[in-house]
Structures are given as structure tokens and as C-alpha cells.
Amino acid sequence: MALDTVLVAVGPGDEERTDPVVTAVSDVAGPADAAVVLVHVFSRDRFAEVSDRLGFGDDADPDAVAARQTTVQAFQKRLNDAGLDVSVRGGVGEPGEEITALAEESGADLVFVGGRKRRPTGKAVFGSVAQAVLLGASCPVTFVRSG
């Protein structure tokens, strides 16, 4: 199987997962010379709030708004510094559904999602976004745990 496109889900608060995710993505995408697509999904309310704050107005493009997110920019810089070709996509709606839809649309061969170590009681709920992507993606998904 050729690895041409890798999709990386970047959520709010993922700053703490930058190092392990960037390392994992670089280790896989770098040798394959694969393109990397960073995806950030907004709720409808959050998208309206952020696009207004950034001065995009009512016709805001989710890709442009996502590209202005600090966490997305940090991931993009680190992956660019590793020599990877990186683009940014944004979505509006339910994160798990949007991530899997954007993975399909971008032709992703592999999806990376990050998460954190959970206590035994929290393991019953893997993480709603990560679980939705793991179960819904039409390609393999790599879960990168931090902490």
C-alpha cells in the first residue's frame, strides 16, 4: 500500500500532544514522502465566534479559519521544519464525523488522532472524537497517546 496522504486531527488544547504526534507523523510520513493534511473542526457556535473575532465575517472559509488557529500553526511549523509538505483543512460540525469526511475527501491513506492516558474508569469511554474516527474512518487510524 502506498502512503501518499496522511491526515492529522488537531483539536483545541492539543498543544500538550504536539511532540508525540509530530514525532509519530514525521516517522511515518517523512520516509514515504507523504503529504500531511492538518484538520481542525469547529462547532458551529465556535466557528462563528472565531471567524468574527478574526475578521472573516459571514462568508468565512473553514480552511482559512483553521489555518489561523495557534495549535494548528504550531503543528504546521514543526512538520514543515521536519521537511514535510503540510496543508490545512477546516471543518464545522461534529468533530468525529467531519474528520472522517475530510479524510475521505482528501484521499487520506492514514489518519492520526491524539489522546491522553486515561484512568481505568475513563477507559470505557475512549474519547468520543478518537473513538468516532477509529470506528468511522475508511482507512487505518493511528492513535498517539500522550501523558
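1. Contacts along the chain. In this predicted model, residues 24 or more positions apart account for 77% of those contacts in the protein chain that have a separation of 6 or more. The individual residues discussed below give examples of contacts beyond four places in sequence, including those of phenylalanine 42 and of serine 51.

2. Secondary structure and overall dimensions. The protein chain holds six helices and five strands, and their order along the sequence reads β-α-β-α-α-α-β-α-β-α-β. The radius of gyration is 15 Å, close to the 15 Å that the globule rule gives for 147 residues, so the chain is as compact as a globular protein of that length. Taken along the principal axes, the box filled by the C-alpha atoms is roughly 40 × 40 × 25 Å.

3. Burial and surface. Of the 147 residues in the protein chain, 43% count as buried.

4. Strand E2 (35–42), helix H2 (44–53) and helix H4 (70–81) are the elements that give two or more residues to the lining, and E2 provides the largest share, namely three residues. Sorted by class, the lining consists of four nonpolar, six polar and four charged residues.

5. Phenylalanine 42. Phenylalanine 42 has a relative accessible area of 2%, and because the cut-off for burial is under 20%, phenylalanine 42 counts as buried. Proline 12 stands 30 residues from phenylalanine 42 along the chain, and the C-alpha atoms of the two are separated by 9.1 Å.

6. Serine 51. Helix H2, one of the elements that contribute two or more residues to the pocket lining, is also where serine 51 is placed. With a relative accessible area of 3%, serine 51 is buried.

7. Alanine 130. Turning to helix H6 (residues 128–136), one finds alanine 130 there, buried at 9% relative accessibility. Its contacts, once neighbours within four places in sequence are left aside, are with Val113 and Phe143. For valine 113, which is 17 residues from alanine 130 in sequence, the C-alpha to C-alpha distance to alanine 130 is 6.2 Å.

8. Aspartate 33. A point to inspect in the backbone is aspartate 33, which has a positive phi of about 55° although it is not a glycine. The residue lies in the loop between helix H1 (18–32) and E2. At 67% relative accessibility, aspartate 33 counts as exposed, because the cut-off for that class is over 50%.

How values were computed. Residues numbered from 1 in each chain as written. Predicted model: local features only at pLDDT ≥ 70, side-chain atom pairs only at ≥ 80, totals over all residues. Heavy atoms only, no water. Helix = DSSP H or I, 4+ residues; strand = E, 2+ residues; numbered from the N terminus. Nonpolar A, V, L, I, M, F, W, Y, C, P; charged D, E, K, R; others polar. Rg over C-alpha atoms; globule rule 2.2 N^0.38 Å. Buried < 20%, exposed > 50% of the residue type's maximum accessible area, 1.4 Å probe, protein only. Contact = heavy atoms within 4.5 Å.
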